Amino acid sequence: MTQITWLGHSTFELRFASGEVLILDPWIEGNPAYPKGYKINKADAIAISHAHFDHTNDVVPLSKEFEPKVIAIFETAAWLEKKGVKNTIGINKGGTIDLGFAKLTMTHALHSCSIKDGDNSLYGGEAAGYIITPKEGKPAYFAGDTTVFSDMALIHEVYEPELAFLPIGDHFTMGPHEAAYAARLLKVKRVIPMHYGTFPALTGTPEVLSQKLQRDGVEVWTLKQGQPVNW
Ligand SMILES: [Zn+2]
């Protein structure tokens, strides 16, 4: 059993049966959707889908506090190391890293990936997603920022995730229309919607996704920020 807590936007805290904590795409400071007063009190690993600020803003402070392993695509990991982040693990698509309590495999995503460093925009590698396979439990797919792509069918074939974290907000990622196609290609049982409602431009809603998946037997699992659920 894994405990999942949504912290707004694409930030999640995953607490595994063995007690270790994995943080996905940490954005706390300035995140309008972050649950007020919520304190992350443990981080054994952080996984980053891509370098945009809304997915990496709090990697440095969390790293200073907890010294977790930090997994990112090679170029973004190298940049974080320069910013003082210890224990970075730069990988690339298709690569798997075994954290002991879970395995992470980097997957494809259709999105951009630049690093904002002062006034400069640096090359951050490519945007990615992850298959997260807990030591005890079924694999889940964290899509990062992406639109639907037909190789999601291959992600189903190769990894068979039962749960998918999918962006649905539209504008910067896919909206509910595309996310419904993604869920069908992935053949998952449940979808946790993310990357919606944070800014006015992110108009996609879980309700619309639910309507679109009504006949497919896929459950849209809408989480409340800061309230853990068990998976
Ligand atoms: Zn984003």
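Helices α1, α2 (59–66) and α3 (74–82), together with strand β9 (114–117), each contribute at least two residues to the lining of the largest pocket. The model described here is predicted. This pocket holds about 160 Å³ of space. Its lining consists of A51, H52, F53, T56, N57, V59, V60, W79, L80, I115 and K116. Sorted by class, these lining residues comprise 7 nonpolar, 3 polar and 1 charged.

An α-helix has 3.6 residues a turn, so residues three or four places apart point the same way.

The zinc ion is a separate topic. Its donors are D54 (OD), H55 (NE2), D145 (OD) and H195 (NE2), at 2.1 to 2.3 Å. Along the chain these donors follow the spacing D-H-x89-D-x49-H. D54 belongs to helix α1 (residues 53–56), whereas D145 sits in the loop between β12 (140–142) and α4 (152–159), so the pair ties together parts that are 91 residues apart in sequence. Both D54 and D145 are buried. The geometry of the site is irregular, with angles of 88 to 176° among the 4 donor atoms.

| Zinc donor residue | Donor atom |
|---|---|
| D54 | OD |
| H55 | NE2 |
| D145 | OD |
| H195 | NE2 |

Conventions. Residues numbered from 1 in each chain as written. Predicted model: local features only at pLDDT ≥ 70, side-chain atom pairs only at ≥ 80, totals over all residues. Heavy atoms only, no water. Donors = N, O, S within 2.8 Å, 3.2 Å for Na, K, Ca; no water. Tetrahedral: all angles 85-135°; square planar, octahedral: opposite > 155°, others 65-115°. Helix = DSSP H or I, 4+ residues; strand = E, 2+ residues; numbered from the N terminus. Buried < 20%, exposed > 50% of the residue type's maximum accessible area, 1.4 Å probe, protein only. 1 Å grid on protein atoms, 1.4 Å probe; cavity = no way out; pocket = protein on both sides within 12 Å on 5 of 7 lines; lining within 4 Å. Points joined across faces, edges and corners; volume = space filled by probe spheres on them. Nonpolar A, V, L, I, M, F, W, Y, C, P; charged D, E, K, R; others polar.
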